[in-house]
Each structure stands twice: as C-alpha cells, then as structure tokens.
Amino acid sequence: MLRYHTIREKSTRVLDLTSLMPHEFETIVPVFEDCFQERMARWTMSGKPRTSRRFSVYTNCPLPTPEDRLLFVLSYLKHAPTQAYHGATFELIQSSVSTWLNILIPLLHTALRHMGDAPSRTLLELRQRLGLDQPSEDAASPFFTMARRDPSRAPKTQVNRRTTIAARKSATPSRTTCS
C-alpha cells in the first residue's frame with residue numbers, strides 16, 4: 001500500500017510520483033487540507049448535503065492523512081493509470097477510486113487557485129500572469145511559433161482519387177494501379 005510517510009525521505013520517489021519535491025509537496029498540503037475539510041463539512045462522500053453528522057476520519061479510512069490524499073490525486077493526474085490499477089496501488093476498489101477522485105481533483109484545483117499556482121487556461125490569462133502587455137489582434141504571440149490561421153503545410157491525402165478507391169475495394173494488389 002502506497003503511503004506518503006513511507007516515501008517522504010526518498011525525494012526522488014516523491015518527485016517520480018508527483019512531479020514535486022517533498023518540500024514543495026508539503027507546502028501544498030495545508031491549503032489542500034483546508035479545502036478538503038471545508039468541503040467535507042458541507043457535503044458527504046456521495047455528494048449529498050451533510051445534515052447531521054460532521055465529517056471525521058474513521059479508523060480504516062483508505063486515505064487517512066492529508067498527505068496520502070494529496071499523493072493519491074497527484075500521482076493519478078501525473079501517470080493517468082486506469083482507476084483499477086490506481087486502486088490496487090492504494091488498496092481501494094475502482095468505485096472508491098472514482099469517488100475519491102471526484103472529490104479530490106476539484107479540491108486540488110481550488111487549493112492551487114488559493115495559492116496562486118493554478119494553471120492559466122487562456123493566452124490572455126497567461127499574458128496577464130506574466131505581466132506582459134495586452135496583445136493586438138495582429139501581433140504575433142511569443143508563446144506560439146505558428147501564426148494565426150496559418151494553413152497546414154502537411155501534404156493532403158486525396159482519398160477520392162480513382163486509384164485510391166479501387167485500391168480499397170480490390171482484394172488483390174494486381175488489379176490496382178498506383179500512380
């Protein structure tokens with residue numbers, strides 16, 4: 001079973017699993033946990049409004065610590081395994097993996113936004129974040145090498161040519177003519 005406390009001292013292992021060094025990982029944990037606790041105070045694991053009991057980590061919780069929850073979601077996002085495989089790594093069934101991911105992925109994005117580290121979603125947002133001037137419509141972007149509306153220079157495959165259609169319908173290569 002993969003747990004953060006077992007890999008914490010192995011910085012390359014943490015880096016391999018999450019793309020973060022341990023000190024970077026640990027700076028995200030408090031903000032991530034605050035977002036998690038705020039969500040769990042209002043909602044149940046199944047997504048229903050919480051009415052009576054407040055959330056608490058139970059004894060046999062599959063992801064008992066904030067570090068384990070963050071490791072779970074970051075390793076899933078980095079490696080994109082199937083949910084069944086990711087569940088086997090953390091000793092969860094696939095449906096539990098799906099439930100946890102549906103909760104933790106949006107929380108990770110919220111935590112990164114609170115820290116000011118969320119990825120930019122548009123070119124305009126990226127330019128503002130980097131402190132660059134607003135682009136004019138005709139100005140070439142320094143972030144992309146291809147000009148706007150530049151048609152592709154790749155050769156086009158002509159599928160409506162007579163020889164191509166004959167080649168697709170023919171069972172033997174001797175009946176087709178190639179040009």
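Which helices each supply at least two residues of the lining of the largest pocket? In this predicted model, local features require pLDDT of at least 70 and side-chain atom pairs pLDDT 80 or more, whereas totals for chains, interfaces and linings use all residues. Residues are numbered from 1 along each chain as its sequence is written, and side-chain values use heavy atoms, with hydrogens and water left out.

The chain contains eight helices and zero strands, assigned as DSSP runs (helices H or I, at least four residues; strands E, at least two) numbered from the N terminus. Mean pLDDT, the predictor's confidence in each residue from 0 to 100, is 82 for the chain, and 74% of the residues reach 70 or more. Among the elements, α4 has the highest mean value (95) and helix α8 (residues 162-169) the lowest (54). Of the 179 residues, 27% are buried, that is, under 20% relative accessible area with a 1.4 Å probe, protein chains only.

The largest pocket has a volume of about 250 Å³. A pocket is an open set of points on a 1 Å grid over the protein atoms alone, where a 1.4 Å probe fits, with protein on both sides within 12 Å along at least five of seven lines; lining residues have an atom within 4 Å of a point. The volume is the space filled by probe spheres set on the points, which are joined across faces, edges and corners. The helices that each supply at least two lining residues are α4 (66-79) and α6 (94-115), with α6 giving the most, four residues. The lining includes L74, K78, I105 and H109.

Conventions:
Buried means under 20% relative accessible area, exposed over 50%, partly exposed in between (1.4 Å probe, protein chains only).
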